[in-house]
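I'm jotting down what I look up as I go.

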Amino acid sequence: MSQRIQSIRGMHDVLPAENARWQTLERIAGETFAAYGYEQIRLPIMEHTGLFERGVGDTTDIVEKELYTFEDRGGERMSLRPEGTASAVRAGIQHGLLHNATQRLWYAGPMFRYERPQKGRQRQFHQFGVEAFGQTGPDVDIEQIAISARLFKKLGITGLRLEINTLGTPAERQIYRDALHAYFSAHHETLDADSQRRLDRNPLRILDSKNPDLAELIAGAPTLTDYLGEESAAHFKGLCDGIAALGIDYTINPRLVRGLDYYTRTVFEWLTDDLGAQNAVCSGGRFDGLVEQLGGSATPATGFALGIERVVALMEAQDVPVDDIAPHAYLVYQGERASAAVPALAESLRDGLPWLRLRVHAGGGSFKSQFKKADRSGARLALVFADDEAEGDTIQIKPLKDDRDQEVVALDRVAERIASLLDA
Ligand code: ATP
Ligand code: MG
């Protein structure tokens, strides 16, 4: 037997049985973004590699180690997107959406990073992204934290912690960078190889290290708050006060630096204790320099991305109620005359009840085996149609989930009866 082809490591199928959670999240996220006036934008999953090198930062892990890059047949270097912000900015500039206008956008879709696959970390994963352009904040930063908080509340997810920090302006960060460089240089031999490499290129990245051996050293490092100018300090205070005024709990984590280079001032992250090591479910912040860096005119911006797989895993861990996506009704049938009438009967039911999820049995078999499949489908009703029914223009309805009697219903009343049984 030839070997079967498997999916690529770190890239997963989402099977029908897992989809109730995905669909519930997709519905509630779309409703939540709309509730704040954000509009959806659909972006390509591939871009010129240069967009990510310039947009995400060529000293970030994402670009240095994790990008899926290849040459297409025309010899052009392109990459699967590792995140959506660079594309959103590129699209905003390209289509003139950002010029003298405020824009509030959201998108969803797969992202690709060549990471070590483990629980909560895939090579293809999915995100919702939210971006606002043209506002200096902090009101819009607060709005986006409110959006994420409301999304979690609507989903019924609890126990998330919000951490915030400020990264100041690039100028403030430069001074801070020098201070960090001096501090870590003095402890050079304690650093791991990764951090030693980062020391000269981007010492802030050391703060983001996940190596527990470095935790103590990192805890003793200078913090950016000591290097903030007046405006950045006021922005951060406005942010803190605004979040508190909405009754959202948060803690300030001066070590929160985020894995992308483009952030300025506000950064935030929602964390959970329910998923093990991969504990960040949503993260974002302000990126006032990015539009200009990618060739647009200077435009302030702020956004966040939410990891769909991790939120879905949380929905599962916390057993939150999800939309019922099982069929409402499962049609079982037998006999020549009945079989011939089934397709038109099913279509007329779908005409009459446009919301109805009706699965028609396929593959024949005894009523007993058909009923087994009806039960397994999760349907609340079985519709039973044999030659007797076909001849008498009736159908039988058998409730599968409550002990109500099976009943015979005239075909011209069946839609109405299904509706009232499902409503009960
Ligand atoms: P982490 O610190 O876990 O690597 P990150 O800082 O790289 O996260 P972002 O780039 O900010 O993450 O992406 C936003 C969200 O996307 C994360 O909070 C997380 O929920 C999710 N995410 C990021 N990378 C992955 C991945 N490889 N697999 C699954 N989800 C991911
Ligand atoms: Mg990462």
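This is a predicted model: local features need pLDDT of at least 70, side-chain atom pairs count only at pLDDT 80 or more; totals for chains, interfaces and linings use all residues.

Is Gly 307 buried or exposed? I looked it up: Gly 307 is buried, at a relative accessible area of 16%, and the cut-off for buried is under 20%.

Next I checked where Gly 307 sits, and found it in strand β11. Setting aside neighbours within four places in sequence, I get His 126 and Val 281 as contacts of Gly 307. I also looked at Cys 282: its C-alpha is 6.0 Å from that of Gly 307, though 25 residues separate the two along the chain.

Then I went to Pro 300. I found this residue in the loop between α11 (290-293) and β11 (301-307). Pro 300 has a relative accessible area of 17%, so I put it down as buried, since that is under 20%. With neighbours within four places left out, the contacts of Pro 300 include Ala 132, Phe 133, Gly 134, Arg 286 and Asp 288. Ser 369 is another story: 69 residues from Pro 300 along the chain, with 62 Å between their C-alpha atoms.

That made me look up the domains. Domain 1 covers 16-168 + 228-318, and domain 2 covers 329-422. I noted 46 Å between their C-alpha centres.

Which residues make the nonpolar patch of about 230 Å²? I have Ile 45, Met 46 and Phe 70 down for that. Phe 70 belongs to strand β3 (residues 69-71), and I logged it as partly exposed, at 35% relative accessibility.

Note on methods:
Residues are numbered from 1 along each chain as its sequence is written. Chains are lettered from A and ligands numbered from 1 in the order in which they are written. Side-chain values use heavy atoms; hydrogens and water are left out. Domain bounds come from an automatic or database domain assignment. Helices (H or I, at least four residues) and strands (E, at least two) are DSSP runs, numbered from the N terminus. Buried means under 20% relative accessible area, exposed over 50%, partly exposed in between (1.4 Å probe, protein chains only). Contact means heavy atoms within 4.5 Å. Patches are made of residues with over 30% relative accessible area and no salt bridge: like charges are joined within 9 Å, nonpolar side chains (Val, Leu, Ile, Met, Phe, Trp, Tyr) within 5 Å. Accessible areas come from the Shrake-Rupley method with a 1.4 Å probe; for residues, only the protein chains shown count as cover. A salt bridge is a side-chain nitrogen of Lys or Arg within 4 Å of a carboxyl oxygen of Asp or Glu.
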